[in-house]
Amino acid sequence: MNSLLRKMFGSAAGQPAPALPERDVARCAELTKRGNALLAQGMLGESERAYRAATQADPQNAGALVNLGYVLGQQNKWVEAGAALKQALLRDPDQYDAHFMLGKLAFDKANIVEATAHMREVLRIQPGFDLTTYFSAEDSTSEALAICRMVLSIDPDNALAHRSVGMTSLRLGDFRTGWKEYEWRFRIDVKGQTHKTFPQPLWLGDAPVDGKTVLLHWEQGYGDTLQFCRYAREVKAQGASVLLQVQPGLGSLLACLDGVDILLEENEPVPPFDLHCPLMSLPLALGEYSGSFASGTQPYLHAPEGRIDYWQRRLEEIELPARPRTGIVWSGNPAHVADLKRSIPLGMFLHVLPADFRVVALQPLVRPADMAILDQESRVTYLGAELSTFAETAALISALDLVITVDTGVAHLAGAMGKTVWVLLPYMSDWRWLMDREDSPWYPHMRLFRQQVVDDWNHPLEAVRLALADRIQSGA
């Protein structure tokens, strides 16, 4: 370290190093705080000036140099950013965020050796640091895979990297790699994911199930359960007795699901069983690598017959147009980790509707700002108060011709029922929608409308508007 400092300050061998500048620690802290506030407001130039002043007030403050390097990088001033970060490491070699940003710079220049060296330092200093989350580029799955593989070369048991390889591989259509690597999700504490443990063995297709009782159980959201419950009959076809455990509220919808011997909602007593498998592990257990997920399984969910007649009469009372009778969903659960990416404000969503066209809202939960719009909007009839269960929503969908929705459980429900459904997707959508496709191998009657620019809904909404206009004109 001393040799590096001598080299940096230009001292000759055998000569004393020049005196270091005086430090004004309090002034540095004040300027750093100002820089942080300006950065939070997106004022990058002003933030840079504050951080530069902080490094001048205390040239030995490594944190101030890291902040300066970060804001320079945000402005694409990569050479200056790299210099500031290297200065920070001369002052404090354990600045893991400086190593991280220098590793990212090296990776962007395809210098994998240097990038890997910096990543090793990050994990040495902060063993739990999630390299994959912060490194994955929003628009480059190939970069995400390369980064994860680099991380795994350093830390072969990094569960986050393995899971990211799984999800990215699935997005790219490499299902053999994807399903296997996705199993690492159970080694990570993920919000909204349930890790169930049982004394009975986990079944991943590695043993015959003929004559055995297999418990299939939910683990994530409602949409995941609706999407993967289709595989119950594949397990049944192998000679097993099938128990299916689902979230509260799904029992009435899934009561007649093919292949299920006993359906249970969460917290109901579970009969004896021999093996268990999470629903989203079934493609791996069944060797589903071809990508033909809809083959022979459509439709696999149905609404209760008695309720369909009710909703037919109800829609006649509402006086929806004869064709296409349309339901919409513009937002999902506000607590969902990706809600800001996938939900659309109602005022923006209404752009897709012709001035004289009427639809029904299929979502039970409406945010206050959107409800204020609904109160003034004659084109949308809100029926959420009547949609107390998924079975009731399914009955209403059965009476419709078309569902237009963001990426929520309703998309999976309509798809599983074989209904024509159009789904609006963010730029980097969930892995199950793959890449650059307008169709879905999961649901044959689904059409996908994708953002072309991050956080910009204008293009997909306009595409939906034109598609709806065409369908109205054709009377389909």
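This is a predicted model: local features need pLDDT of at least 70, side-chain atom pairs count only at pLDDT 80 or more; totals for chains, interfaces and linings use all residues.
An open sheet is built from six strands, arranged in the order β7-β6-β5-β8-β9-β10 with parallel pairing. The edge positions are taken by β7 (380–382) and β10 (446–450); each has a single partner strand, so one side of each is left without a neighbour in the sheet. On average, and with direction ignored, neighbouring strands of this sheet are turned by 25 degrees against each other. Within the sheet, β5 (residues 326–329) runs parallel to β8 (residues 402–406), and four bridges join the two strands. One of the residues involved is Thr326, whose bridge partner in β8 is Leu402.

Helix α21 (residues 409–416) packs on this sheet, where it touches β5, β8, β9 (420–425) and β10. The direction of α21 makes about 150 degrees with that of β8. Eight of the eight residues of α21 are buried, so the helix is largely enclosed by the rest of the structure. The buried residues of α21 are Gly409, Val410, Ala411, His412, Leu413, Ala414, Gly415 and Ala416. Just after the helix, Gly418 adopts a positive phi of about 75 degrees.

Parallel pairing is also found between β1 (residues 213–217) and β4, which are joined by four bridges. In this pair, Leu216 has Cys277 of β4 as its bridge partner. The side chains of β4 (residues 275–278) are divided between two directions: Leu275 and Cys277 point one way, His276 and Pro278 point the other way, and all are buried.

The structure contains 21 salt bridges. One of them joins the side chains of Arg23 and Asp58, with an N to O distance of 2.6 Å. Arg23 is located in the loop between α1 (2–9) and α2 (25–40), and Asp58 in the loop between α3 (44–57) and α4 (62–74), so the pair ties together parts that are 35 residues apart in sequence. Asp58 has a relative accessible area of 0% and is therefore buried.

A salt bridge is also formed by Arg52 and Glu48, whose closest N and O atoms are 2.9 Å apart. Both residues belong to helix α3, where they are four residues apart, about one turn of the helix.

Lys341 has a relative accessible area of 32% and is partly exposed. Elsewhere, salt bridges with shared partners connect Glu48, Arg52, Lys77 and Glu80 in one network.

Arg358 is placed in the loop between α18 (346–349) and β6 (359–361). This residue is partly exposed, at 28% relative accessibility. When residues up to four places away in sequence are not counted, Arg358 touches Ile318, Glu319, Leu320, Pro321, Ser378, Arg379 and Thr381. Two backbone oxygens lie by polar atoms of the Arg358 side chain: that of Ile318 at 3.1 Å and that of Ser378 at 3.5 Å. The C-alpha atom of Arg358 is separated by 9.3 Å from that of Gly327, and the two residues are 31 residues apart along the chain.

Glu288 is located in the loop between α15 (282–285) and α16 (305–318). Glu288 is buried yet has no salt bridge. The nearest side chain of opposite charge, that of Arg230, is 7.6 Å away; the cut-off for a salt bridge is 4 Å between the nitrogen and the carboxyl oxygen. The Glu288 side chain does make a polar contact, at 3.3 Å, with the side chain of Ser290. Not counting residues up to four places away in sequence, Glu288 touches Phe175, Trp179, Tyr231, Pro283 and Phe293.

Methods: Residues are numbered from 1 along each chain as its sequence is written. Side-chain values use heavy atoms; hydrogens and water are left out. Buried means under 20% relative accessible area, exposed over 50%, partly exposed in between (1.4 Å probe, protein chains only). Lys and Arg count as positive and Asp and Glu as negative; His and the chain ends are not counted. A polar contact is a pair of N or O atoms within 3.5 Å; within protein, one must be able to donate a hydrogen and the other to accept it, and residues adjacent in sequence count only if both atoms are side-chain atoms. Contact means heavy atoms within 4.5 Å. Two strands pair if DSSP finds at least two bridges between them. Axes are lines fitted to C-alpha atoms, for helices over the stretch in contact, and angles run from 0 to 180 degrees between N-to-C directions.
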